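Here is a short briefing for a reader who is new to this structure. Please look over the model first, then read the points by topic.

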Amino acid sequence: MLAPPTGPPAPRPTAPANLRNTAVAVITALIASLLLFIPSHSAHAAGTLLSQGKAATASSTENGGTPAAAAVDGNTGTRWSSAAADPQWLQVDLGATATISQIALNWETASAKAFKIQVSDNGTTWTDAYSTTTGPGGNQTLDVNAAGRYVRMYGTVRATGYGYSLWEFQVFGTPGGTTPPTGGTLLSQGKAATASSTENAGTPAASAVDGNAGTRWSSTATDPQWLQVDLGATATISSVTLNWEAAYAKAFKVQTSDNGSTWTDVYSTSTGTGGNQTLNVTGTGRYVRVYGTVRATVYGYSLWEFQVYGTPGGTTDPGGPIEGGGDLGPNVKVFDPSTPNIQGTLDQIFTQQESAQFGTGRYQLFFKPGTYSGLNAQIGFYTSISGLGLNPDDTQINGDITVDAGWMAGNATQNFWRSAENLAITPSNGTDRWAVAQAAPFRRIHVKGGLNLAPASYGWASGGYIADSKIDGTVGPYSQQQWYTRDSSVGGWTNGVWNMVFSGVQGAPAQGFPNPVYTTLATTPVSREKPYMYLDGNDYKVFVPSKRVNAVGTSWPNTPGTSLPLSQFYVAKPGVSAATINAALAQGLNLLFTPGVYHVDQAINVTRANTVVLGLGLATVVPDNGVTAVKVADVDGVKLAGFLIDAGTVNSPVLLQIGPAGSSAGHAANPTSMQDVFVRIGGAGPGQATTAVEVNSNDTIIDHTWLWRADHGAGVGWNTNPSDYGLKVNGANVLATGLFVEHFKKYDVEWSGENGRTIFFQNEIAYDPPNQAAIQNGSIRGFAAYKVDDNVTTHEGWGLGSYCNFTADPTIVQDHGFEAPNKPGVKFHDLLVVSLGGMGQYAHVINDIGSPTSGTSTVPSTVTSYP
C-alpha cells in the first residue's frame with residue numbers, strides 16, 4: 001500500500017470569532033435605545049469629506065467580515081477591525097494630494113489608547129499630523145493641519161485585549177488634483193488578469209484590476225508567485241502602483257512582455273515596504289506583471305490593486321474581445337435516439353478511419369443521454385466516442401463499441417489513437433471487445449457484461465489503459481502483453497502475459513508478481529479524472545472533476561468537481577492562428593480543440609491558473625519552425641487532456657513544457673495534470689524534437705500518456721526522426737500513472753526531481769541504432785529506458801517493464817533497462833526486461849542487478865524489489 005502523499009501547506013488562518021461579539025451587540029443595542037432620547041447635533045466638519053468610498057488598506061483584518069473598506073463606506077453598521085497585536089494601521093488613498101483639516105474617528109469598543117494620524121505623498125514615507133497616548137475611544141473629531149494623498153491611523157497601544165476597530169474613518173479638507181502619480185492613462189483596470197496561483201476562489205487575479213480596493217488577489221504561500229495583466233496591445237508604461245494588503249513582497253520585480261512568455265525587468269527590489277507603492281518605470285509591452293520572489297510574511301502575496309499607467313498603443317484585436325462558445329465543427333457528430341441511420345454514419349467513418357494510421361481525419365462521436373439499441377460502433381484511428389450525460393449510465397448502448405484488428409491480419413499492436421468515454425455498454429453477446437495498443441484510453445465506462453482486450457484472432461496485442469470504469473463481468477486480457485487499470489471496479493480478471501498493474505481497483509487480482517504477473521496497489525495516491533463534455537439541457541458544458549487522494553473505485557455517479565459552460569471556452573477550429581489562441585487564453589478563456597490538425601508558428605501559452613485545454617477527436621497540434629507546441633506556466637491546476645502533438649520538420653527543443661525551467665512553486669493542493677496527451681515524432685512524416693515532454697512544475701500528475709518516436713510509417717530512421725528524450729522530469733512530487741514511452745535515442749525517461757513516483761511503465765528501447773557504438777553511454781552499453789539521476793534521494797516505482805528489439809543489429813547488448821542511485825529512499829517494485837525474439841539482449845534489469853535475457857524465448861527477467 002502506498003504511503004500517503006505529502007499534504008498541502010496549511011491554509012492561511014482567519015481569526016476565530018470573538019466571544020465578545022454577543023456582549024458588544026447587547027451593549028450597542030442599549031446605547032442605541034438611549035440615544036433615541038438625546039437630541040442630535042450635526043458635526044461641523046472643516047472642509048469636504050474626501051475619504052468616503054476611496055481605496056482603503058490595513059495592516060491586517062480580524063476576518064473577512066471586517067475589511068478596511070468598511071471604515072470608509074459611510075455605513076456606521078460596518079467596521080474595520082485588526083488582528084489583536086500592536087502596532088496596526090488603517091489608511092485611505094485620497095487619489096491625489098489634498099489639504100487635510102479634520103479627521104473623524106468613530107471607534108467601536110476596541111479602540112486605541114495610543115495612536116497617531118499620519119499623512120504621506122507616496123504611501124511609504126509618513127509625517128505625523130496628530131499623536132496621543134490617552135485616546136478616549138468613542139467618537140473623536142481631530143483638527144489637523146497637513147497635506148498628503150495618503151492618510152492613516154497608526155495605533156501603537158490598544159485599549160482592550162482585542163484589535164483596533166473603527167466603524168468609520170473620515171478625512172475632511174480641500175481636494176487636490178486627480179491625475180495619476182506620474183501622469184499617464186490608467187491602462188490596466190478591467191483588463192484580463194492571470195496569476196501563478198490563487199489562495200482561494202474569493203481572491204482571483206481579476207480582483208486586483210477591478211478598481212475596487214475592497215477586493216484583492218492573493219496567492220498560495222510559496223515563492224515565487226506572479227500576477228500579470230494583458231493591456232490588449234503594446235503600450236508605453238510610465239508608472240505602476242501596487243496597493244499591497246498586509247501580505248506583501250519583500251523582494252519582487254515588475255516586468256513587461258510583448259508575448260506573455262519572454263519578460264524584461266523594468267523594476268527590481270529586495271527591500272519592498274508594502275503599503276502603497278508608486279513606481280516610476282520606463283518600458284513597453286502588452287503584458288505587465290509583478291513577480292514576487294521573497295514574501296514579507298508567512299502568507300502568500302496579496303494585492304488590493306495593481307495599476308499600470310502609461311500611453312496606450314494600438315489594438316491587436318480590432319474585432320473586440322474574443323467570444324467563447326460556438327459550434328463544434330463538421331467532424332463532431334452528435335446523435336440522439338431519434339437520429340436516423342446512426343449505424344450508417346458509424347460505418348462510413350470507420351471505413352475511412354480503420355487503417356488510416358497516419359491520416360488527417362479526426363472525429364468525435366457524441367451520444368446524447370438516452371438508450372440506443374442494435375448498434376455496433378467500430379472505432380478506428382483518431383476517433384473518440386463519448387456519452388453526453390453527466391454520468392456514464394445516462395447514455396445506454398445496447399450493442400457494442402468495438403476495436404478489432406482485421407485491418408492488420410489480427411495483429412492489434414498498432415491499434416493506437418482512439419478512445420471511449422462516459423457511457424454504458426450492454427454487449428450484444430455478453431462481452432465487449434476492446435483490442436487496443438497504446439494511446440487508446442477506456443475511461444468512465446460501465447460495461448454491463450464482460451470485456452475482451454484481445455483481437456478476435458487472439459493475435460498479438462500491446463495495450464492499454466482503463467480508468468474510472470466499472471466492468472460488471474470479467475476482463476480477459478488474453479494476448480495483451482501489459483495493461484494498467486486505475487480507480488475502477490471489475491468482476492474478475494482472467495490472466496496476464498508480462499505486466500498487469502492495478503491501483504485503486506475493486507475486484508483486482510491479488511499481488512503476485514512475477515507469477516502471476518500482477519502488481520496490485522490498494523489505492524491510487526493522487527488522481528483526478530479527465531475533463532469531459534456533457535449536455536445540461538440544451539447547453540454544452542465541460543465537467544472538471546476534482547482531485548482525489550488515495551482513491552478506490554469509480555468517481556461516479558457523484559463525481560465532485562466544477563462545471564464550466566462552453567461560453568468560457570475558445571472553440572478552436574483548424575486554420576486558426578496560434579496568436580488568436582493565445583489572445584483568447586490571455587483574455588481568460590479556456591481552450592477547446594475541435595477535431596482536426598492545427599499548425600502553430602508560436603507556442604500555445606497557457607498562463608492562467610485552472611485553465612482547461614481539451615481536445616476532441618484526438619485533435620493534433622503541429623509546431624512549425626522549431627517552436628514548442630504548448631507551454632504551461634508554473635501555475636495551479638491547469639488541465640491538459642485529449643490531444644496529440646506531432647513534431648514538425650524543424651527540430652523543436654521541447655514539444656510540451658509544463659512549467660518553465662527553474663519552476664519552484666508548490667501545487668500539491670491543486671496540481672496541473674496531463675491526461676490522454678500523446679506525443680509523436682515521425683510516422684506521419686519526418687519530425688524532430690530534442691525532448692518530447694519536460695515537466696518542471698512541482699506536483700504535476702501525468703495520467704496516461706504515450707510518447708513515441710516512431711519505429712514505422714513515413715519519415716522514420718535513426719537520423720530521419722531524431723529525438724533524444726521522451727520525458728524529462730525536473731519538478732518535485734510528480735506522479736505518473738500509466739506511462740508509455742518508446743524508442744528515444746537516449747533516455748526514454750530521465751527523472752531529476754525529488755519524490756517522483758510512477759505506477760506502471762511500458763517501454764520499448766529504440767529499434768534502430770545501427771550498431772553498439774551508436775548507443776554507447778560513456779562506459780555503459782546503452783541508455784537506460786528509465787533513468788533516475790544520481791542526485792535524487794527519494795523515488796519510487798511499481799510495475800515497470802522495458803523491451804528490446806534491435807532490428808538493425810541484433811548483436812547489441814543493453815547493460816540494463818533501469819538505472820537509479822543506490823539510496824534507501826529510491827525504491828522499485830516489480831521490474832522486468834524482455835528481449836523480443838532474441839533481437840538484442842539486456843545484461844541486467846536495474847543497474848547490475850537481475851538476470852540477463854538470453855536466446856529467443858521472449859521470457860522476462862525480473863526483479864521484485866530494489867534495492
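Where is the place of Asn-805? Asn-805 sits in the loop between strand E55 (795–804) and strand E56 (813–819). This is a predicted model, in which local features need pLDDT of at least 70, side-chain atom pairs count only at pLDDT 80 or more, and totals for chains, interfaces and linings use all residues. Residues are numbered from 1 along each chain as its sequence is written, and side-chain values use heavy atoms, with hydrogens and water left out.

**Overall build**

- The protein chain has three helices and 59 strands. Helices (H or I, at least four residues) and strands (E, at least two) are DSSP runs, numbered from the N terminus.
- The radius of gyration of the protein chain is 31 Å, close to the 29 Å that the globule rule gives for 867 residues, so the chain is as compact as a globular protein of that length. The radius is taken over C-alpha atoms, and the rule is 2.2 Å times the number of residues to the power 0.38.
- The C-alpha trace spans about 100 × 65 × 55 Å along its principal axes.
- Of the 867 residues in the protein chain, 59% are buried. Buried means under 20% relative accessible area, exposed over 50%, and partly exposed in between (1.4 Å probe, protein chains only).
- Among contacts with a separation of 6 or more, 68% come from residues 24 or more positions apart. A contact means heavy atoms within 4.5 Å.

**Surface and charge**

- The protein chain exposes about 30000 Å², and carbon and sulfur atoms supply 52% of it. The areas come from the Shrake-Rupley method with a 1.4 Å probe; for residues, only the protein chains shown count as cover.
- There are 45 positive and 60 negative side chains. The centres of the two sets lie 4 Å apart. Lys and Arg count as positive and Asp and Glu as negative, while His and the chain ends are not counted. The place of a charge is NZ of Lys, CZ of Arg, CG of Asp or CD of Glu.

**Aromatic rings**

- The whole structure holds 38 aromatic pairs. Rings of Phe, Tyr and Trp (its six-membered ring) pair if their centres lie within 6.5 Å; planes under 30 degrees apart count as stacked, over 60 as edge-to-face and the rest as tilted.
- Trp-493 and Phe-502 make an edge-to-face pair, at 4.8 Å centre to centre and 85° between the planes. Both Trp-493 and Phe-502 are buried.
- Phe-761 and Tyr-786 also pair edge-to-face, at 5.3 Å centre to centre and 70° between the planes. This pair links distant parts of the chain: Phe-761 is in strand E51 (residues 756–764) and Tyr-786 in strand E54 (residues 786–788), 25 residues apart. Both Phe-761 and Tyr-786 are buried.
- A cluster of ring pairs links Phe-358, Phe-381, Tyr-382, Trp-407, Phe-416, Trp-417, Trp-706 and Trp-708.

**Helix H3**

- Helix H3 (residues 578–587) is mostly covered, with seven of its ten residues buried.
- The buried residues in H3 include Ala-578, Ile-581 and Leu-585.

- Val-119 lies in strand E5 (residues 112–120). Val-119 is buried, with a relative accessible area of 6%.
- Leaving aside neighbours within four places in sequence, Val-119 is in contact with residues including Ile-100, Trp-126, Ala-147 and Tyr-150. The C-alpha atoms of Val-119 and Met-153 are separated by 9.2 Å, and the two residues are 34 apart along the chain.
- Asn-805 is buried too, with a relative accessible area of 12%. Leaving aside neighbours within four places in sequence, Asn-805 is in contact with Tyr-767, Leu-836 and Met-839.

**Backbone details**

- A cis peptide bond joins Asn-515 and Pro-516, with omega about 0°. Pro-516 is in the loop between strand E30 (499–503) and strand E31 (518–521).
- The peptide bond from Tyr-866 to Pro-867 is cis as well, with omega near 0°. Pro-867 is found in the segment after strand E59 (861–866).
- Tyr-382 is not a glycine, yet has a positive phi of about 55°. Tyr-382 counts as buried, at 0% relative accessibility.
- Ala-439 is not a glycine either, and has a positive phi of about 60°. Ala-439 is in the loop between strand E23 (431–433) and strand E24 (442–447).
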